[in-house]
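The points below go through the disulfides, then a sheet, then a helix.

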Amino acid sequence: MKLRVAAMVAVMALVAGCGKGGEQQKPAGEPVKPATEQGAQQPAQPAEGTAQTGEKPADPASGPVTFPSTGVENPKVEIFEVSEFQCPFCSRVLPTIKQIKDTYGDQVRVTFLHQPLPFHKDARPAAIASMAAWRQGKFWEMHDKLFANQRALSQPELEKYAQEVGLDMEKYKKDVADPEIAKFVDRNQAIANAVGASGTPAFFINGQSLRGAQPFEQFKQVIDAEIKAADDAGKRGMDYVKERTKTNNAQLAAFVYEGKEPPAAAPAAQQQQPRPVDRTVYKVDVDPGDAMKGNAKGALVTIVEFSDFQCPFCSRLNPVLDQIMSTYGDKVRVVFKHNPLPFHKEAFPAAEASMCANDQGKFWEMHDKLFANMRALQPADLERYAGEVGLNVADWKKCMDSNKHKARIEADQELAGKVTARGTPNSFVNGRKLTGAKPFEEFKELIDEELKKAEELVGKGTAREDVYAAIIKDGKVFEPLEEQVNQFDLSKTAVMGKPTAKIQIVEFSDFQCPFCARVGSPLKEVQKHYGDQAVIGFKHFPLNFHKEAFPAAEASLCANDQGKFWEMHDKLFEVQKDLAQAKWDEWAKEAGVKDIDAFKKCMESGKHKDLVNADMEEGRKAGVRGTPTIYINGRKFTSPSGYNLEAFTRVIDKHILNKK
């Protein structure tokens, strides 16, 4: 059987956001995709290049009747941006929106949909203020002003911004008090909630959902596909966009284009509930060889930072940590642990460079130098920085050449996985996690709580140097492989590699699941990496809410009858968004199936229905609840860092091949 899997992107970029929408939302049963780089609190930037006109403002007497838009009249794509002015993740995506506009010009229209989250008390007044500005044709100027000042959104400040963007203040004050605008914002929020965008930012690209502060490349993938669909149809304009959105997301189209009323949102007063506090303590062990600053033995609060020298969000955390040290003095220590992400190619050597500097007592000097030059981390750059921070460069080079600290950095990465530090930066305050470049105030809240706990321990007789160990002693640790070992029958399963291989990886998958599509490339890399030592087995687990997944599974098995499973596997994931068209014969032919008549008969007879059901039953017995679910030698495998070659090899080498 010819073995081939499609080249797909293995790891998506950061999905970060405020509220529930901050994670990739998904139907029940599909796992949240692992995040990669998690940053937070990028300084707000005006959305340069945004159109300043948009739809014509409605008559103040009638209230807003359309949504603020960039004003493109004849688009191929409309992006609904679900956002709010107090969410730091929303501000982070503004440069991406600008890049979209610069790249696609009049092919793409961006429309703003308000979703002021209840725990951001100034978000709803800011939304109302922006709509009052919209009535004067100044929504986007006010939009930029609010994002640039999202930490200062009190009513007096909103009035100041209204003046600065040139509004008629008498009219502005009248419109801010107009209940029609408040109703409009509430309806926006109700629409967002009804279509599953309960957090911010979220986007609908001709109805197709994309959640979180995603990079441009993720938008581009969907936008390009939608533009191609428009070009293939020879259509563009709002009538086409509405038609396309209805095809992709009938519910959204009904609310935004057809005037259907969404379920009413709860009154704002009922929504103002504080954000739940995560009190989970993780067992984040600290080693004497770790780089640290502060009171090494007597600190009552230990902050462990998992970071990456090529991560821009990590650099934004450094001033916050400096402020913490200056505020709390010897009550706090900061411990640096390495988590160089796999898509940051220079991050691992930079981590080694910092630890070789640590050998000479210059870790923090090298730390600062690397972050100040994170776009120039080639070997020659690292050697130059070693000289600039005052190292003995010859000794530093010997350390680098020997990869002396490689094992330590890998141990830090493994620990990051065990404590669910899924990206960078991730900080732990006496074991309690803060994800992203959080502001000082959020650290202070945890530090003050932890200081009280630590002081109570000291008062009861715990030595100061033992406080941290006592606090994290029973902390949570995540293990990538479950203890239970399952047995899987591969006799009727499509496999890649030798069925008797020492490393057996079984994937339960669904051809309509987007997360499953992303596993193909890393699994191919794993099989190539281990060769005859590894076999990949594909088992079917079509989820009941994916209506085309079961027939797609049958189609792959009918192709398998002619030795073309993996070719059909690739084709089905390639056309995943079009599976409802059920062009099984056409796709089979494109996948290289020769006898199409035999393929048709196979599909019509339901020949492989029982085999698909058998796979599903086997999966249920093993504990499969969603897709993709992966087992390594019978043990369920979960990777906080994502399904990539590095995640697989780290676990396989340690737990299967017993490599140190």
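1. A disulfide is taken here as a pair of cysteine sulfur atoms within 2.5 Å, and the structure holds two of them. When the bonded cysteines of the chain are numbered in sequence order, the pairing reads 1-2, 3-4. The model is predicted, so local features need pLDDT of at least 70 and side-chain atom pairs count only at pLDDT 80 or more, while totals for chains, interfaces and linings use all residues. Residues are numbered from 1 along each chain as its sequence is written, and side-chain values use heavy atoms, with hydrogens and water left out.

2. Cys-356 lies in helix 13 (residues 347-358) and Cys-399 in helix 16 (residues 393-402), so the pair ties together parts that are 43 residues apart in sequence; helices (H or I, at least four residues) and strands (E, at least two) are DSSP runs numbered from the N terminus. The torsion about the S-S bond of Cys-356 and Cys-399 is about -80°, which makes this disulfide left-handed.

3. The other disulfide joins Cys-558 and Cys-602, with their sulfur atoms 2.0 Å apart. Because Cys-558 lies in helix 22 (residues 549-560) and Cys-602 in helix 25 (residues 596-605), the pair ties together parts that are 44 residues apart in sequence. Cys-558 is buried, with a relative accessible area of 2%, and Cys-602 is buried as well, at 7%; buried means under 20% relative accessible area, exposed over 50%, and partly exposed in between (1.4 Å probe, protein chains only).

4. Strand 5 (residues 202-205) and strand 6 run antiparallel and are joined by four bridges, and Ile-205 stands opposite Gln-208 in strand 6.

5. In helix 9 (residues 238-248), the residues Met-238, Tyr-240, Val-241 and Thr-245 are buried. They cover an arc of only 155° around the axis, which puts them on the same side of helix 9; the arc is that of the directions from the helix axis to the C-beta atoms. The face turned away from the buried side of helix 9 carries the exposed residues Asp-239 and Thr-247.

Definitions and conventions
Two strands pair if DSSP finds at least two bridges between them.
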